Amino acid sequence: MSQPHPRLEIRNLRRSFDGRAVVDDVSLKIMPGQVTCLLGPSGCGKSTTLRMIAGVEMQDSGEIRVDGNLICDTVFRVPPERREIGLMFQDFALFPHLSVADNVSFGLKSGTRAGKRERVEELLERVDLLRFIDGYPHQLSGGEQQRVALARALAPRPRIMLMDEPFSGLDNRLRDGIRDETLTILKEQDTAVLLVTHEPEEAMRMADEIALMRDGKIVQQGAPYNVYTRPVDRAAVAFFSDANVLRAEVSGALAQTPFGRFLAPGVPDGTAVSIVFRPQHVRIDFDRGGQGPKPTASDGTAARAIVQRARFMGNESLVEFVMDYDGSVLRATVPNVFLPQPGTVMWLTIRRDRCFVFAA
Ligand SMILES: Nc1ncnc2c1ncn2[C@@H]1O[C@H](COP(=O)(O)OP(=O)(O)OP(=O)(O)O)[C@@H](O)[C@H]1O
């Protein structure tokens, strides 16, 4: 049996502005019912990619396919209004002169009046705004307007939905609920979703697959767990969380550090490497008569450290240490409350299976 076509496929998309490649050879496949998050820092080319798929920006090269059918390359182009792609942008304005109901039903081309009304009521119920059905946009708060815009985008059951930071105007309390509800509706409709965000947490929460983008390129792509636990480089670690870095040189496929040796398989002798690890993977031990814990295979050797500062962050405490060996600062996080006094001597070890060794 032949493989089903991706609902959305982009191949080798490129776009330059003023001679600078803003989107540089980007390829992606999204299956029906799948959510892919294009995640990256501001200015990396996420929105430009989305705009090309929507058809409001023209690529310099590359092609876009929906269910296997070409909708755009450099000679052929289906106009935006005929692509049947749903759009939800942060600043997507409602029509001020139309009621909430009419805004939501705007995109519903076919069906009876009663059928459309039923769909509008269903969606407003799900974004918790049914009580405003006969109101007008100016009577709603910014967050409420955004939820109406969401209902409007979902109403025609688009085959593909492009979303650019769609939840960023909502306050935290509302955001999680609306995000989950939106995801449920999109999955029910088997819509392929490409969601742009610069927030790793949002991507981890929403995505089946994350495409990490930097300087116009996709640098890593995969399930959130894989992207988080097997980052391609130091910047990929640092994009998801705070990161500590140790520097070392490799000799005999090992990098020697004050925390003991780290495996560096395949790295030539004399290569400078960065050993990168997240604060939650630092283990803290109390000083016992001038000694730390004994070395182990899983945690290596303990290094002596002095507490510089400790802060309670809500779910965890963040402790900053000045390292005895060179005066550098390392950060550790500990669940719940752990607030040692500045100046306290402690010993740190690093979980070997949670470290990443990259050429510096
Ligand atoms: N029409 C244009 N003319 C010139 N430069 C542009 C144009 N559109 C985008 N750019 C530039 O392309 C780069 C990528 O912009 P884009 O909006 O795609 O980034 P982004 O990753 O979505 O960022 P953000 O998260 O801040 O929206 C930016 O440096 C931007 O200034």
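Predicted model: local features only at pLDDT ≥ 70, side-chain atom pairs only at ≥ 80, totals over all residues.
The protein chain has 360 residues, of which 33% are buried. Its secondary structure consists of 8 helices and 20 strands, and the C-alpha trace spans about 80 × 45 × 45 Å along its principal axes. Among contacts between residues at least 6 apart in sequence, 64% join residues at least 24 apart.

The domain assignment divides the chain into domain 1 (8–238) and domain 2 (241–359). Contact between the two involves 5 residues from domain 1 and 5 residues from domain 2. On the domain 1 side, the touching residues comprise 3 nonpolar and 2 charged residues, with no polar ones. Taken over C-alpha atoms, the centres of the two domains are separated by 40 Å.

The surroundings of Leu194 can be followed in some detail: apart from neighbours within four places in sequence, Leu194 is in contact with Leu8, Ile30, Thr36, Leu38, Leu50, Ile53 and Leu162.

The buried set includes the charged-side-chain residues Arg147 and Arg152, together with Gln145, Gln146, Val148, Ala149, Leu150, Ala151, Ala153 and Leu154. These buried residues pack against the strands β6 (85–89) and β7 (160–164) and against the helices α2 (100–105), α3 (113–126) and α5. From first to last C-alpha, α4 reaches 19 Å, close to the 18 Å expected at 1.5 Å a residue.

Just after α5, Asp190 takes a positive phi of about 65 degrees.

Most residues other than glycine have a negative phi. Glu84, although not a glycine, has a positive phi of about 55 degrees, and Glu165, also not a glycine, has a positive phi of about 45 degrees. Glu84 sits in the loop between β5 (69–72) and β6, while Glu165 belongs to the loop between β7 and α5. With 15 other C-beta atoms within 10 Å, Glu84 is partly exposed. Glu165 has 18 C-beta neighbours inside 10 Å and therefore also counts as partly exposed.

Turning to the ligand, the surrounding shell is formed by Phe17, Val22, Gly40, Ser42, Gly43, Cys44, Gly45, Lys46, Ser47, Thr48 and His198. By class, these residues divide into 3 nonpolar, 7 polar and 1 charged. Helix α1 (residues 46–54) provides the largest share of the shell, with 3 residues.

Finally, the loop between β15 (282–286) and β16 (303–312) contains Pro293, and Thr301 is likewise placed between β15 and β16. Pro293 has 15 other C-beta atoms within 10 Å, so this residue is partly exposed. Beyond neighbours within four places in sequence, Pro293 is in contact with Asp285, Ala302, Trp347 and Thr349. Its C-alpha lies 9.5 Å from that of Ala303, a residue 10 places away in sequence. Thr301, with 17 C-beta neighbours inside 10 Å, also counts as partly exposed. Leaving aside neighbours within four places in sequence, the contacts of Thr301 are Phe259, Gly260 and Pro295. Across the model, 66 Å separate the C-alpha atoms of Thr301 and Glu118, which are 183 residues apart along the chain.

Definitions and conventions. Residues numbered from 1 in each chain as written. Contact = placed C-beta atoms within 7 Å. Near = placed C-beta within 6 Å. Helix = DSSP H or I, 4+ residues; strand = E, 2+ residues; numbered from the N terminus. Domains from an automatic or database assignment. Buried ≥ 20, exposed ≤ 12 C-beta atoms within 10 Å, placed from the backbone. Expected span 1.5 Å × (residues − 1).
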